[in-house]
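Please open the structure in a viewer and keep the selection tool at hand.

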Amino acid sequence: MWNDDNNKKSALGLTMVEKILSRHAGKIVKKGEICIADIDFAFGQDGTSSVIIDSFREMGVEKVFDKNKCAIILDHSCPSPIVGVSNIHKKIREFVKETGIILHDIGDGVCHELVPAKGYVKPGDLVLGADSHTCTYGALNMCSTGMGSTDVAAAMIAGKTWLKVPETIKFIANGKLKKGVYSKDLILYLIGQVSADGATYKACEYTGEAIDDLSIEARMTICNMAIEMGAKFGIMNFDKKLETWLEKKGIKDYKKVESDDNAEYLKIYEYDASSITPMVAMPHTVDNVASINDVKGTHIDEAYLGTCTNGRIEDLTIAANILKGKKINKNVRFIVAPASREIYLEAMEKGLIKIFVEAGAAVVSPGCGCCVGTHNGVPSDGENVISTANRNFKGRMGNNKAFIHLASPATVVSSAIEGKIADPREYLD
Amino acid sequence: MILEGNAHRFIKPDGNDNDINTDYVISGRYKFQCEDYNELATHVMEDLDSNFYKNIKKGDIIVAGKNFGCGSSREQAPIAIIYAGISCIIAKSFARIFFRNSFNKGLPLIECDTDKIEKGDKLNVDLEKGIIKNLTKNFDIKFNAIPPLMLKLLHDGGLVNHFKKNKGFNID
Ligand code: SF4
């Protein structure tokens with residue numbers, strides 16, 4: 001049997017992830033074991049929910065396990081650019097009406113911003129999303145992971161899923177990030193170190209002074225990209241900052257977890273965060289990373305600020321501070337998509353949107369924007385794009401003849417000003 | 001379960017077939033607008049080989065390097081592969097979500113060293129015994145047995161049918 005006292009440091013030798021899965025399985029489970037675990041929340045987005053609905057219907061049931069713990073979020077192609085998508089949106093709205101689950105319709109924002117911001121998830125939870133970047137919420141000291149639509153349909157019905165308990169890799173980022181270097185640069189650096197499959201099937205614990213220094217939002221940027229190392233979960237420690245963040249949102253009754261001192265790790269990597277420069281992931285893989293020092297000057301046609309990785313208020317603020325009083329290079333198209341309606345509103349109130357629009361940006365509706373190539377800024381053949389997103393696969397933004405570079409909001413906006421990949425440190429005093 | 005078919009291999013622009021992601025399997029261009037899986041199947045792998053779909057014979061096998069299926073969680077990737085008539089995928093390793101999705105949809109995935117398998121080789125795969133026979137080149141490759149849960153899902157015809165049959169999960 002599982003005992004919640006074990007969530008604190010214990011003598012069991014368990015990682016945070018093993019503890020969370022044990023609690024949800026109702027018994028102690030360790031790496032390698034397959035278990036059936038209760039889930040706390042499950043959702044899909046407009047690209048994956050059509051198949052969730054089909055699987056749901058095929059399984060021959062009518063009800064979800066708990067309608068307040070299931071959601072569908074329309075974010076990938078919103079507002080709909082074509083009839084095919086419009087019909088999928090309609091199918092989703094009808095399903096939501098029938099089952100009574102939570103719906104976020106067009107303009108509400110990207111799923112991975114909304115799910116934590118709306119308080120649907122909390123420390124200690126186990127959460128599934130039919131979207132690969134569901135690992136984002138590990139920044140809240142919990143387990144969340146992306147699964148396919150049929151898995152999520154089964155979870156919405158049974159309130160359970162089957163899981164293999166992963167081994168954990170620990171990343172320790174010592175020291176402080178230098179000025180102009182952000183959590184995005186840190187995670188790009190780490191992915192470059194371990195490669196795109198360096199943590200396949202594994203859980204990643206991100207710890208160390210450089211992580212402690214980050215805001216909860218900036219921590220989400222790191223956990224968001226755990227999947228780009230192949231990981232099942234990215235997870236971080238509970239601390240005072242997270243406690244305050246939860247308090248502000250009125251989130252209570254959570255079960256924070258700590259890894260045991262004698263927990264077993266597959267590997268422990270240690271890095272000096274103070275030696276990291278701004279980083280850029282060069283086309284066409286996320287682990288093809290380079291220091292800004294080696295790639296600045298590369299010509300840029302389009303710049304994109306937004307997504308579940310870097311479309312939060314902190315990101316927009318960093319970019320607007322650099323852009324203030326300047327203009328976007330006349331050869332660059334600069335597209336901005338706030339990650340949610342609330343962020344959009346806050347950015348308006350703070351005058352950030354005005355700065356973007358005056359500088360020459362096209363601000364589009366909250367959502368995934370052009371990240372996944374459905375609309376809102378598909379690049380043309382042979383063009384170079386620099387984006388705050390998490391993926392630069394060939395064809396990702398809708399054109400397999402374009403070249404996508406990934407970087408922090410500061411690097412992206414600096415590059416948009418210069419028309420070439422630029423070092424943001426030159427814009428900060 | 002015995003599967004038999006010819007091997008198909010792909011080369012990415014960087015000269016190898018590691019990290020073939022779900023955007024290669026089926027581009028987002030189609031994913032969001034196409035509900036017809038037979039239509040979706042005609043676009044499988046088209047960014048890597050525009051003639052691929054035309055050349056598939058039912059039962060054929062995709063062979064690749066490391067980390068096949070990395071990227072998005074789109075279940076349309078294994079669905080499109082199944083509808084294209086592919087019977088299984090053999091790779092050095094698979095990305096996690098793709099791995100689950102494939103077994104959930106009834107598409108077997110096999111992990112082993114694929115270096116010696118060439119495009120066009122005729123393969124015979126025994127899932128229970130864990131043996132691939134290369135009938136063209138006359139050698140065998142052993143692979144790790146498929147975990148019992150996965151075999152159960154395949155035998156039940158995927159997760160949906162498993163659920164229908166067992167009224168929920170039944171993996172013990
Ligand atoms: S912003 Fe991009 S990466 Fe994030 S959920 Fe949307 S499509 Fe996926």
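The tour begins with conventions and then moves through pockets, cavities, aromatic rings and single residues.

**Before starting**

This is a predicted model, in which local features need pLDDT of at least 70 and side-chain atom pairs count only at pLDDT 80 or more, while totals for chains, interfaces and linings use all residues. Residues are numbered from 1 along each chain as its sequence is written, chains are lettered from A and ligands numbered from 1 in the order in which they are written, and side-chain values use heavy atoms, with hydrogens and water left out.

**Stop 1: the largest pocket**

Select A:Lys164, A:Tyr201, B:Phe99, B:Glu111 and B:Pro147, which lie nearest the centre of the largest pocket among its 27 lining residues. A pocket is an open set of points on a 1 Å grid over the protein atoms alone, with protein on both sides within 12 Å along at least five of seven lines; its lining residues have an atom within 4 Å of a point. The volume of the largest pocket is about 670 Å³, where volume is the space filled by probe spheres set on the points, and points are joined across faces, edges and corners.

Two or more lining residues come from each of β7 (160-164) of chain A and α6 (96-105) and β4 (109-111) of chain B. Helices (H or I, at least four residues) and strands (E, at least two) are DSSP runs, numbered from the N terminus. The greatest contribution is that of α6(B), with 4 residues. The lining comprises 14 nonpolar, 4 polar and 9 charged residues; Ala, Val, Leu, Ile, Met, Phe, Trp, Tyr, Cys and Pro count as nonpolar, Asp, Glu, Lys and Arg as charged, and the others, Gly among them, as polar.

**Stop 2: aromatic rings**

Next, select A:Tyr201, B:Phe68, B:Phe94, B:Phe98, B:Phe99 and B:Phe103, which form one aromatic cluster. Over all chains, the structure holds 18 aromatic pairs. The ring centres of B:Phe94 and B:Phe99 are 6.5 Å apart and their planes lie at 45°, so this pair is tilted. Rings of Phe, Tyr and Trp (its six-membered ring) pair if their centres lie within 6.5 Å; planes under 30 degrees apart count as stacked, over 60 as edge-to-face and the rest as tilted. Are B:Phe94 and B:Phe99 buried or exposed? Both B:Phe94 and B:Phe99 are buried, a term for under 20% relative accessible area, against over 50% for exposed and in between for partly exposed (1.4 Å probe, protein chains only).

Now display A:Trp162 with B:Arg100, which lies over the face of the ring at 3.9 Å from its centre. A second case is B:Lys116, whose charged end sits over the ring of B:Phe139, 5.2 Å from the centre. The criterion is NZ of Lys or CZ of Arg within 6 Å of the ring centre and within 35 degrees of the ring normal.

**Stop 3: helix α7 of chain B**

Select residues 148-156 of chain B, helix α7, where the buried residues are B:Leu149, B:Met150, B:Leu151, B:Leu153, B:Leu154 and B:Asp156. These buried residues pack against β1 (34-38) and β7 of chain A, and against α6 and α8 (159-166) of chain B. Just after α7(B), B:Gly157 takes a positive phi of about 85°.

**Stop 4: the second largest pocket**

Move to A:Glu113, A:Glu217, A:Trp245, A:Lys249 and A:Ile313, nearest the centre of the second largest pocket, which 20 residues line. This pocket holds about 470 Å³ of space. Its lining receives the most from α9(A), which gives 5 residues.

Then select A:Arg312, in the loop between α11 and α12 (313-323) of chain A. A:Arg312 is buried, with a relative accessible area of 2%. Its contacts (heavy atoms within 4.5 Å), not counting residues up to four places away in sequence, include A:Glu113 and A:Glu217.

**Stop 5: the largest cavity**

A cavity is a set of grid points where a 1.4 Å probe fits but cannot get out. The whole structure has 4 cavities of 30 Å³ or more, and the largest has a volume of about 170 Å³. Select A:Gln45, A:His76, A:Asp131, A:His133 and A:Arg396, the closest to its centre of the 22 lining residues. The lining divides into 6 nonpolar, 10 polar and 6 charged residues.

**Stop 6: A:Ala173**

Finally, select A:Ala173 in strand β8 (residues 168-174) of chain A. A:Ala173 is buried, with a relative accessible area of 3%.
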